[in-house]
Amino acid sequence: MNVLVLGTFDGVHLGHRHLLEYALGKGRVIVCSFLLPPAAVKGQVKAITTAEEKILLLKHFGADEVFLQDFASVCALSAEEYLDFICKKFSPAYIVVGVDH
């Protein structure tokens with residue numbers, strides 16, 4: 001059974017680790033994130049971690065798989081369309097998100 005963990009995960013801080021810990025033991029942990037944080041895509045901030053660093057950190061803290069997508073490919077979708085997209089792609093039994101997602 002797949003457990004999908006959604007978020008930006010730039011820097012993989014303690015809150016991010018808590019989400020991963022919560023997902024562990026419930027099934028195969030798949031993290032779905034972005035190549036760059038949305039604010040970095042918009043030129044508002046600089047990313048803390050590269051895509052490669054993000055993958056390594058997320059796997060170190062328990063992710064079985066990391067799926068990174070380009071923010072531009074999904075930013076025009078409504079919340080319902082995005083949820084439909086990720087549910088079809090990953091067939092999650094659980095979806096774990098932070099309070100600000």
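Tutor: The largest pocket is lined by L6, G7, T8, H13, G15, H16, L19, G98, V99, D100 and H101. The structure is a predicted model, in which local features need pLDDT of at least 70 and side-chain atom pairs count only at pLDDT 80 or more, while totals for chains, interfaces and linings use all residues. Residues are numbered from 1 along each chain as its sequence is written, and side-chain values use heavy atoms, with hydrogens and water left out.

First, the term itself. On a 1 Å grid over the protein atoms alone, a pocket is an open set of points where a 1.4 Å probe fits, with protein on both sides within 12 Å along at least five of seven lines; lining residues have an atom within 4 Å of a point. The volume of the largest pocket is about 190 Å³, counted as the space filled by probe spheres set on the points, which are joined across faces, edges and corners.

By class, three residues of the lining are nonpolar, seven are polar and one is charged. Here Ala, Val, Leu, Ile, Met, Phe, Trp, Tyr, Cys and Pro count as nonpolar, Asp, Glu, Lys and Arg as charged, and the others, Gly among them, as polar. Helix α1 gives the most to the lining, with three residues. Helices (H or I, at least four residues) and strands (E, at least two) are DSSP runs, numbered from the N terminus.

H16 counts as buried because its relative accessibility is 11%; buried means under 20% relative accessible area, exposed over 50%, and partly exposed in between (1.4 Å probe, protein chains only). Not counting residues up to four places away in sequence, H16 touches F9 and D10, where contact means heavy atoms within 4.5 Å.

F9 leads away from the lining. This residue is found in the loop between β1 and α1, and it counts as buried because its relative accessibility is 0%. Leaving aside neighbours within four places in sequence, F9 is in contact with H16, L19, V31, S33, T49, K54 and L58. Phi of F9 is near 55 degrees, a positive value in a residue other than glycine. V12, also in the loop between β1 and α1, has a positive phi of about 45 degrees although it is not a glycine. Most residues other than glycine have a negative phi. V12 counts as buried because its relative accessibility is 1%.

F9 also belongs to the largest nonpolar core, where V5, F9, A23, V31, L58, V66 and V96 touch the most other members of its 15 residues. The elements that give two or more residues to this core are β1 (2–6), α1 (14–23), β2 (28–34), α3 (51–60) and β3 (65–69), and the largest share, three residues, comes from α1. A nonpolar core is a set of buried Ala, Val, Leu, Ile, Met, Phe, Trp, Tyr and Cys residues joined through side-chain atoms within 4.5 Å.
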